[in-house]
Amino acid sequence: MLKGRHLIDSQDLTVRELKSIFDLTTEIINRPKDFSYICDGKILGTLFYEPSTRTKFSFEAAMLRLGGKILGFSEPGSSSVSKGENLPDTLRTVGTYADIIALRHPKEGAPRYGAMYSPVPIINAGDGGHQHPTQTLADIYTILQVKERLDNLTIGLCGDLKFGRTVHSLIKAMTRYDNVKLVLISPKELKVPENIKIEVLESKGIEYLEVEKLEDVIDILDVLYMTRVQKERFFNEADYIRLKDSYILDLKKLEPAKEDLAILHPLPRVNEIKMEVDDDKRAYYFQQVKNGMYVRMALIIKLLGVD
Ligand code: CP
């Protein structure tokens, strides 16, 4: 039962619960009209303490397409946060107006902390460099749609694996499927944090490889998950400038890749995928965007228990 629960970490959902969300997502895609009024009378709060295009608008579009309503802010300075109101008080307050809240915050752990005070379900819409579980729903659903399986996959994660919260969530979720091999492609300064390697990969005996050059491994990948270098998490601009263009995927680099490679990216992209790749049949990142809205529709239905 997902009704009334928070979603803070991608491992909060079991493989079985993920499947139930994905099955509902497919139903919504196939029969959208049947879900047009299912959230009539319900309100989603979107509290975004950090900028967003996809996550905020897809949550809002999801609730509107389910017949519900939305309220919230995209800039905490426009709320009483600017007067010093703390997160628990903001959530207690918005939780009296809304039935469910999507929260994005720059501080790692803020959604988990906030959930202790919220009277309604909290969905982590991205907390610092930590986790982004609903992006993972979009990522995994897209992999399932394209590859028709979630096991027996070699997945390359490329770019900023240190600060990239979508990467951390995806690693945690994908390691529950059989025979998933991870190829971690990053500059040495932006490697996957040690705690994730030890607690998530090594403790479960997950096969993984760390490399610096995408060209060395692109031919073995079933999925290539590109990410941008997370400028906003750097302490030193010079380091960002030095590392920001570490990987730029173009058609030339794709030549040795498998014909059925799936190229994903949580977006926004900056420079790491050239626009010429967008028309390649292996580019699925805009399909991933669309799936992001549908999986959030399914998640809202499940957490509100209106199905
Ligand atoms: N993928 C993602 O989180 O994008 P936004 O930052 O635009 O929400």
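In this predicted model, 21 residues line the largest pocket, and those nearest its centre are Arg-104, Arg-165, Arg-228, Leu-267 and Pro-268. Helix 2 (54-65) and helix 6 are the elements that give two or more residues to this lining. The volume of the largest pocket is about 350 Å³.

There are two cavities of 30 Å³ or more in the structure. The largest cavity has a volume of about 50 Å³, and its lining consists of Arg-54, Gln-135, Ala-138, Pro-266, Gln-288, Val-289, Gly-292 and Arg-296. Two or more lining residues come from each of helix 5 and helix 10 (285-304). Helix 10 supplies the largest share, four residues.

The linings divide by residue class as follows.

The remaining topic is the packing of two helices. The axes of helix 5 (residues 133-147) and helix 6 (residues 165-174) come within 8 Å and cross at roughly 60 degrees. The two helices are therefore oblique to each other, and the crossing of helix 5 and helix 6 is right-handed. On the helix 5 side, the contact involves Pro-133, Gln-135, Thr-136, Asp-139 and Ile-140; these meet Thr-166, Ser-169, Leu-170, Ala-173 and Met-174 in helix 6. By class, this contact has five nonpolar, four polar and one charged residues.

Notes: Residues numbered from 1 in each chain as written. Predicted model: local features only at pLDDT ≥ 70, side-chain atom pairs only at ≥ 80, totals over all residues. Heavy atoms only, no water. Axes fitted to C-alpha atoms, helices over the stretch in contact; angles between N-to-C directions. Parallel < 35°, antiparallel > 145°, perpendicular 65-115°, else oblique. Left-handed = near helix turned anticlockwise from the far one by under 90°. Contact = heavy atoms within 4.5 Å. Nonpolar A, V, L, I, M, F, W, Y, C, P; charged D, E, K, R; others polar. 1 Å grid on protein atoms, 1.4 Å probe; cavity = no way out; pocket = protein on both sides within 12 Å on 5 of 7 lines; lining within 4 Å. Points joined across faces, edges and corners; volume = space filled by probe spheres on them.
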